[in-house]
Amino acid sequence: MITVIAIVTDGLVYAAWLFVVAIGLTLIFGVMKILNVAHGAFYAFGAYAAATAIGLYFDRGWPVAGGYLVVATAAIAIGLLMGYILERVFLRRVYGKDEVVVVLITYALFLILEDVLILIWGTDGRSAYQPYTEAGSFTVGGLPLSVYDIGLVGFAGLLAIVASYTIKKTTFGRLLTAVIYDRETAAAFGVDVSRVYTVTFLVGAVLGALGGALTAPKISVTPGLGVEVIVLAFAVVAIGGMGSMEGALVGALIVGLFRAGAVHLIPQLELFSIYAVMALVLVFRPQGLFSRAQPRKI
Amino acid sequence: MQRTSVRACLARRVSAAVLFAALPFAAVAQTAPAAAPVKLGIVTFLTGPAAGPFGIPGRNSAEIMIEMLNAGKVPAPYATAGLAGAPIVPKFVDENGSTANQVTEFRNLVQRDGMNAVVGYVSSGNCLAVAPVAEELKALTVFWDCGTPRIFEERPLKYVFRATPHATMDSVAAARYALKRFPDLASYSGINQNYAWGQDSWRDFVAAMKSLAPKTTVDKELLPKLFAGEFGAEISALLTTNSKVVHSSFWDGDLESFIVQNGARGLPARSTMIYTAGETAMFRLGAKIPDGTILGARGPHGVMAPDTPLNKWFRGVYEDRFATAPTYPAYHMAQSILGLKAAWDKAAADKGGQQPAIDDVVKAFEGLEFEGPSAKIRMAIGNGHQGIADIAYGSFKFNKAENKAEIVDIVRYPAECVNPPANMTSTAWLEAGMPGAKCN
């Protein structure tokens with residue numbers, strides 16, 4: 001019984017983390033048709049910004065509760081800054097260009113930003129554990145669980161609800177949907193596609209940075225952490241379908257539960273489990289679980 | 001006028017006498033040229049995840065040791081300047097990047113930059129790749145930190161040396177210490193990074209445990225990806241077992257993340273953790289490491305080093321320069337450079353004080369015994385190319401009164417207790433039950 005509880009909770013925690021990281025990536029691809037490799041850099045910068053901000057905050061002995069606000073604020077600030085610079089200076093010049101060119105540009109930006117990160121923060125790891133350790137733990141069925149981890153699950157759920165509501169019920173969400181389905185027609189109907197792109201990229205950047213910021217209190221923030229997460233994010237997005245938010249959620253859940261099951265039951269398959277799931281899904285649905293197969297436009 | 005001219009004449013005579021007296025010295029100075037500098041390549045992680053815990057301490061140690069050696073300020077028996085009087089000129093190369101890239105950089109050091117010797121490599125993968133190239137180029141190479149036992153077990157090497165013991169020693173000593181603390185240990189688990197270092201460490205620990213306590217069983221064998229960072233599921237898996245002991249060779253970010261995450265969920269209250277490379281994190285994490293955690297330092301290094309004059313000197317100059325205590329990577333680098341110096345000086349002495357050729361240094365290095373800051377090193381296995389030394393393990397304790405991290409209950413294991421003999425590979429020795437091991 002304890003193993004079942006462990007698999008379910010571990011799966012949900014991992015899925016929550018993956019969803020927060022992947023939703024920004026899938027949003028940017030869905031709207032802008034850009035496979036943004038630099039998303040890993042947003043994650044890394046978010047983690048470093050949060051670790052720095054947490055360190056400065058708790059060095060002053062301020063209340064623990066405020067530390068969580070600091071995490072969110074750092075992510076939003078760094079995400080907006082980086083998103084704005086990248087979109088305005090680089091990506092705006094290549095809208096409509098060949099997709100391979102755009103991917104190469106985002107990849108180049110990712111590599112550059114990895115070195116910029118080292119220039120700013122150096123090679124030493126950063127620790128900012130207070131929000132994680134101060135949250136405490138509780139026991140379910142004899143299994144201690146971290147309050148922070150369960151809080152992350154709650155946050156991911158809230159994010160999913162807010163994202164769904166925004167897309168379906170708000171004016172901006174409807175504009176976004178129109179641009180997702182057909183950019184040219186949306187433009188012909190007077191939608192300011194350029195503004196939609198900018199806002200979308202900013203939101204995607206903030207979400208990527210938020211993923212890193214929420215992870216920072218649990219890990220030692222070291223150079224190279226963006227590389228690891230971008231591969232996982234791509235796997236989740238591929239499973240769920242590029243551009244689908246529901247797909248990102250379901251993809252994250254599938255990956256999270258499969259991985260947790262592997263760790264507990266067949267640890268030797270843990271490394272393999274995520275990509276095995278991805279391969280299996282793509283064999284039967286190459287476009288992912290929630291994307292429609294695209295007819296070729298002639 | 002007469003007095004002045006006598007004075008002037010005297011002055012001229014004194015000057016002439018001084019000049020003549022100085023001539024022999026000038027002649028000697030002109031005919032005895034200064035020794036040509038020895039160009040030494042130092043390869044270590046200057047960037048990337050391994051820089052913080054390993055690469056930079058190694059780099060810092062190399063910098064201070066070379067500076068002190070050139071100035072002749074290292075205590076006996078290393079008091080002579082440089083390498084047999086030749087000043088050392090280092091060139092630092094970043095080990096970050098692919099193995100293929102490292103092999104290219106090694107070739108550049110030797111063929112393009114004309115290094116007389118190379119002291120390098122933290123990564124076992126890089127050591128394994130560079131070794132045959134060093135042989136091909138006949139380049140004197142000293143591996144300073146990589147842990148794989150396979151370097152000298154797969155083929156004999158002439159130009160490659162390793163003055164620091166390999167990883168089998170870490171896991172065997174960990175097993176001995178664990179069984180000393182828990183003599184009735186029924187089962188244990190392991191969580192190690194899924195690559196050569198982690199797999200070899202776990203394999204050696206299991207083999208040692210099988211030999212020392214055949215009735216103990218393995219509960220969980222977890223091998224998460226290198227730099228996974230998030231270990232929630234693994235911690236849950238360990239919490240569902242009855243393991244009294246959990247072995248881990250984690251390092252850097254993975255080590256620190258794991259300690260914080262498992263601490264938040266109470267794993268240390270149920271299982272005692274053994275971190276074979278844990279000493280590198282003890283000052284950074286401090287009180288976050290639970291008291292009683294078993295820590296290794298890949299040798300008797302850091303706070304577990306004996307209080308010898310050489311160690312006191314090394315700690316003093318390192319702390320003065322870098323404002324932090326040297327951890328084991330710093331000791332490994334110092335040991336490697338001192339081994340090179342000992343071999344170089346010996347080779348020069350054998351040649352009547354003349355600068356030796358590389359083959360002379362190689363010959364002197366084989367089977368050499370020399371003092372490191374924390375242990376005596378004997379190049380006793382791997383056909384005299386692989387060093388063995390004592391190792392120490394201890395239990396972590398945070399001294400709240402003085403607000404500092406300490407290691408207590410230190411047990412030092414002699415080299416012959418935890419290293420295979422010269423005529424056996426590590427795996428064969430462990431599988432045979434560690435025959436010939438001489439312990440306290």
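**Close-up views of a two-chain predicted model**

Among contacts in chain B between residues at least 6 apart in sequence, 69% join residues at least 24 apart; two residues are in contact if their C-beta atoms, placed from the backbone, lie within 7 Å. The model is predicted, so local features need pLDDT of at least 70 and side-chain atom pairs count only at pLDDT 80 or more, while totals for chains, interfaces and linings use all residues. Residues are numbered from 1 along each chain as its sequence is written, and chains are lettered from A and ligands numbered from 1 in the order in which they are written.

**View 1. Chain B as a whole.** Chain B holds 16 helices and 15 strands. Helices (H or I, at least four residues) and strands (E, at least two) are DSSP runs, numbered from the N terminus. The C-alpha trace of chain B spans about 110 × 50 × 40 Å along its principal axes. Of its 440 residues, 54% count as buried; a residue is buried if 20 or more other C-beta atoms lie within 10 Å of its own, exposed if 12 or fewer, and partly exposed in between, with C-beta atoms placed from the backbone.

**View 2. The open sheet of chain B.** Seven strands make up an open sheet of mixed pairing, in the order 7-6-8-9-10-14-15. Two strands pair if DSSP finds at least two bridges between them. Strand 7 and strand 15 (404-413) of chain B are at the edges with a single partner strand each, so one side of each has no neighbour in the sheet. From one strand to the next the twist averages 25°. Axes are lines fitted to C-alpha atoms, for helices over the stretch in contact, and angles run from 0 to 180 degrees between N-to-C directions. Helix 6 of chain B packs on the sheet, where it touches strand 8, strand 9, strand 10, strand 14 (391-399) and strand 15 of chain B. The direction of helix 6 makes about 60° with that of strand 14 of chain B.

**View 3. Strands 9 and 10 of chain B.** Strand 9 (residues 272-275) and strand 10 (residues 294-296) of chain B run parallel and are joined by 2 bridges. Opposite Tyr275(B) stands Leu295(B) in strand 10 of chain B.

**View 4. Helix 7 of chain B and what covers it.** Helix 7 (residues 196-212) of chain B has 17 residues, which at 1.5 Å a residue should span 24 Å; its end C-alpha atoms are 24 Å apart, so the two agree. The expected span of a helix is 1.5 Å times one less than its number of residues. The buried residues of this helix include Trp197(B), Trp202(B), Phe205(B) and Met209(B). Asp200(B) and Asp204(B) are also among the buried residues of helix 7. The cover over the buried residues of helix 7 includes helix 4 (124-137), helix 6 (167-181), strand 6 (187-191), strand 7 (217-222), strand 8 (245-248) and helix 16 (426-431) of chain B.

**View 5. Helix 13 of chain B and Tyr328(B).** Helix 13 (residues 328-350) of chain B contains Tyr328(B). The helix has 23 residues and reaches 33 Å from its first C-alpha to its last, close to the 33 Å expected. Of the 23 residues, 20 are buried, so helix 13 is largely enclosed by the rest of the structure. Tyr328(B) counts as buried because it has 27 C-beta neighbours inside 10 Å. Leaving aside neighbours within four places in sequence, the contacts of Tyr328(B) are Glu279(B), Thr280(B), Ala297(B), Arg298(B), Gly299(B), His301(B) and Gly302(B). Gly299(B) is 29 residues from Tyr328(B) along the chain, and their C-alpha atoms are separated by 7.5 Å. Gly352(B), with a positive phi near 70°, follows helix 13 of chain B.

**View 6. The hairpin of chain A.** Chain A has 12 helices and 2 strands. Strand 1 (residues 137-140) and strand 2 (residues 143-146) of chain A run antiparallel and are joined by 4 bridges. They form a hairpin with 2 residues between them, and Gly141(A) in the turn has a positive phi of about 55°. Thr139(A) has Pro144(A) in strand 2 of chain A as its bridge partner.

**View 7. The side of chain A that touches chain B.** In this interface 36 residues of chain A are in contact with 32 residues of chain B. Elements of chain A giving two or more residues to this side include helix 1 (2-32), strand 2 and helix 11 (245-265). Helix 1 of chain A provides the largest share, 7 residues. The residues on this side of chain A divide into 18 nonpolar, 11 polar and 7 charged. Ala, Val, Leu, Ile, Met, Phe, Trp, Tyr, Cys and Pro count as nonpolar, Asp, Glu, Lys and Arg as charged, and the others, Gly among them, as polar.
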